[in-house]
Amino acid sequence: MSFRIYNTLTGKKEDFLPLREKQVGMYACGVTVYDLCHIGHARSAIVFDVIYRYLRYRGYDVTFVRNFTDIDDKIIKRANEEGVDYRVIAEKYIEEFNIDMGGLDLEKPSFEPKATDHISGMIDLISILIEKGVAYQREGDVFFSVGKFKDYGKLSGRNLDEMQAGARVEIDEKKENPLDFALWKSSKPGEPFWKSLWGEGRPGWHIECSVMSQKYLGETFDIHGGGKDLIFPHHENEIAQSEAATGKPFARYWIHNGFVNINKEKMSKSLGNFLTIKEILKGWHPEVLRLFFLSHHYRSPVDYSEDSLLEVKTGLDRFYSTLNAIQEELKKPAISSQKKVDSNAMDQSRKIIESFQVRFEEAMDDDFNTAQALGYFYDLQTALNSLLDLSKGQPTDQIRSLLSEGDERFRKMGWVFGLFQEEPEVYMDRQKKEGLKKLDLSEEAILKLIEERNGARKNKDWKKADEIRNHLLSKGIILEDTPSGTLWKIK
RNA sequence: GGCGGCAUAGCCAAGUGGUAAGGCGACGGUCUGCAAAACCGUUAUUCACCGGUUCAAAUCCGGUUGCCGCCUCCA
């Protein structure tokens, strides 16, 4: 089956055929560094991280560029509020961005260029646009003339007439057409500026992405992406600038991720439901957040709530508990004697384990259907648990080899999602430690009670044993009696 | 006003022509002293509603209702 990607430009899923065989150039719009990153940034970053990982998994040599917008009105505003240079703000939030993204286990892109390092490239591009007659200068500002670019609107699926009809754009006297956008803005006194042919000023927002993407990836490249909200005007304007200048197609496949709502409301600062990545990572393992996002198709909106993260965490805990059980089982010696195992159940598990990788790839090849692929992870988990059930602590060679095969696939395909990358033991230990902090109970106290209870169990004093278990349960501790001893976990 | 999207079980969620994945929850069974965990099984004859096309529709077409996004900075 072919590898297909939904292209915003055509509104269809298309076969993915990169410009150069086995190589992919990909650009994702990063952030404007004037504030902390929120959960919406996290989704976008995770979506493109998984795309980046999957392309590499598929054997492509990927050049991935994600930029920083480090000069912009909002940064200047923030700098003025705090009475510092705009660079202080930009640097601070770049650092915070790196901390947050590191916390989400994101792979480093190949390049992370900053807008301010590419001002001269922007000036060059603007000059070309003026020469070609698609941009014009007005009192130190330079605007792109949207009417001169015949394809304007092709990405967002609108035309100039429609947009003018419903225009809510503030009329800027200097513009020939209200929809024209700034390539260069003259600076007001006290604002940061760069010297240009049109006087002192700073670049408009869109021009940086045209310059940086083409610098690292060439005039035409494979994938360009970002949040859905960037389709118009940002990406539309990037296309206009780039294609007007080069006369060549800009990005070939446009990928846009959907939004994150919070408790069914759009996230916004005014509603006070603005959630930062830092806040989320305080309460949740990054893989919980990844699993949450990957359970939804990347183009659909998702609704964030504590309840849904809790549900997802239950799932992740189960995965790790299975992976842990597999490791425990594999530590046990294989039994040589032919013990009776249900060969039907065994065959069923074997089929699931063996077909897993193919099904995973089919799902991912179909426009990165991570939700579908996760379904197969759950199937794989059930198959492995079923084998553990058959094994009952006495693995045959056959069971051992299936278990380790399943375990290996879990980790390998899991890497694409950034999931299941921790040692299960480490994961589970941390769950316990973090849980205990909230419970005002020490591990020693729990172990002592378990010992006491096991003494009672030996004497068949079920009443006492159950009392102890209920006592612990009321504190939020669940006990599990297994053949190899009593385990405990946080509710 | 213009453009676009969505509506699938109690909840979450895949599925764009071939007879409804998966998860959470719930219920029953196996196991267990009893539990827990795990396993096995049950949980949508039906995909907002009404028409149409087709041998065949959740999927395509037309209409209705409801929700959402974009058109202004935004992941």
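Colleague: Which residue just after α3 takes a positive phi?
Modeller: That is D105, with a phi of about 60°; helices here are DSSP runs of H or I with at least four residues, strands are E runs of at least two, and both are numbered from the N terminus. This is a predicted model, in which local features need pLDDT of at least 70, side-chain atom pairs count only at pLDDT 80 or more, and totals for chains, interfaces and linings use all residues. Residues are numbered from 1 along each chain as its sequence is written, while chains are lettered from A and ligands numbered from 1 in the order in which they are written.

Colleague: And which residues of α3 are buried?
Modeller: Y86, I89, A90, Y93, F97, D100 and M101 are buried, meaning that 20 or more other C-beta atoms, placed from the backbone, lie within 10 Å of a residue's own, whereas exposed means 12 or fewer and partly exposed lies in between. Seen down the axis of α3, they fall within an arc of 95°, so they line one face of the helix, the arc being that of the directions from the helix axis to the C-beta atoms.

Colleague: What does the face turned away carry?
Modeller: That face of α3 carries the exposed residues E95 and G102.

Colleague: Switching topic, why is β10 largely enclosed?
Modeller: Six of the seven residues of β10 (residues 251-257) are buried, so the rest of the structure largely encloses this strand.

Colleague: How many bridges join β9 to β10?
Modeller: Six, and the two strands run parallel, where pairing requires at least two DSSP bridges between strands; I223 stands opposite Y253 in β10.
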